[in-house]
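Have the sequence and the model open side by side as you read.

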Amino acid sequence: MNNKEAAAATDVSENHHHHHVKVFLPKKLLDCLPKCAILPKERLRWNTNEEIASYLITFEKHEEWLSATPRTRPQNGSVILYNRRKVKYRKDGYCWKKRKDGKTTREDHMKLKVQGMECLYGCYVHSSIVPTFHRRCYWLLQNPDIVLVHYLNVPAIEDCGKICGPILCSINSDRKEWLKWSKEDLVNQLKPMFYGIKWTCTNGNGGTEFSIEHLVQQILESHHSKPQPRTHACLCNSSLGTAGNIPHKCSNTKHRIISPKLEIRPCPYPALTEVQNGTTGDNKSETDLCKA
């Protein structure tokens, strides 16, 4: 490979700092990237690695692509370009999963390839309320100041091809954290997450349109109700001299602590399920769609 084909320089100017940052990328890589005239404001799928690199390289010709202020709770599908030196884009108003220390946000980091060459860096975070909602940030290894941020809710797909109902993180993992949420807080968090996604839930009376308000009400009713206390119940026979339903000391192996059966309430959203706050990393390639 000669010097002309070895590298192509792209000058990125920052008028605020009055200096130029030169980004050197292989000419073979620049030639294979798609040409983009616009930056989509929203996209309800993950961008390919080639598309991401193309946006990050082409932005120098389109200063209007850069957002000067951080967005508060961007809606599902939002694609935003920031200069990290000027905008604190991570303060977006969403509640993201924390590390074990409970203080810092858990981030998954990885390097991404285009045409077999590592040139992109990815940083992924995941909602602590809806595990299918994610924020992915990308930047060129040669120019980390310019960051492409993408918010996306990737619902699970049933075997029949239909979109599953909303999946929520389990209350059981951190009840105190859930109790901090008010109805208004939950509505403000969930509404932008489900933008562009429509469900029709079926019940005994037929189909009903999915409602964020109804979902929030269901969450509050189930999560704010205190579980019944565990009680002693003796399963030994009456020959021991004590009724089976009266607590007493008993060496019989049938005397155990059991929990009372809870009354099952009908759920307005049959497809609504809960998942534990797992810590599995998101290490899939951007060229593949996220499978929940």
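1. Start with Arg 136, whose charged end sits over the ring of Tyr 124, 4.4 Å from its centre. Such a placement is counted if NZ of Lys or CZ of Arg is within 6 Å of the ring centre and within 35 degrees of the ring normal. Arg 84 likewise lies over the face of Trp 139, at 4.4 Å from the ring centre.

2. A word on the source: this is a predicted model, where local features need pLDDT of at least 70, side-chain atom pairs count only at pLDDT 80 or more, and totals for chains, interfaces and linings use all residues. Residues are numbered from 1 along each chain as its sequence is written, and side-chain values use heavy atoms, leaving out hydrogens and water.

3. Next, the aromatic rings. Tyr 82 and Tyr 89 form a stacked pair, 5.8 Å centre to centre with 15 degrees between the planes. Rings of Phe, Tyr and Trp (its six-membered ring) pair if their centres lie within 6.5 Å; planes under 30 degrees apart count as stacked, over 60 as edge-to-face and the rest as tilted. The whole structure holds nine aromatic pairs, and Tyr 94, Trp 96, Phe 133 and Tyr 151 form one cluster.

4. Is Tyr 89 buried or exposed? Tyr 89 is buried, as is Tyr 82; buried means under 20% relative accessible area, exposed over 50%, partly exposed in between (1.4 Å probe, protein chains only).
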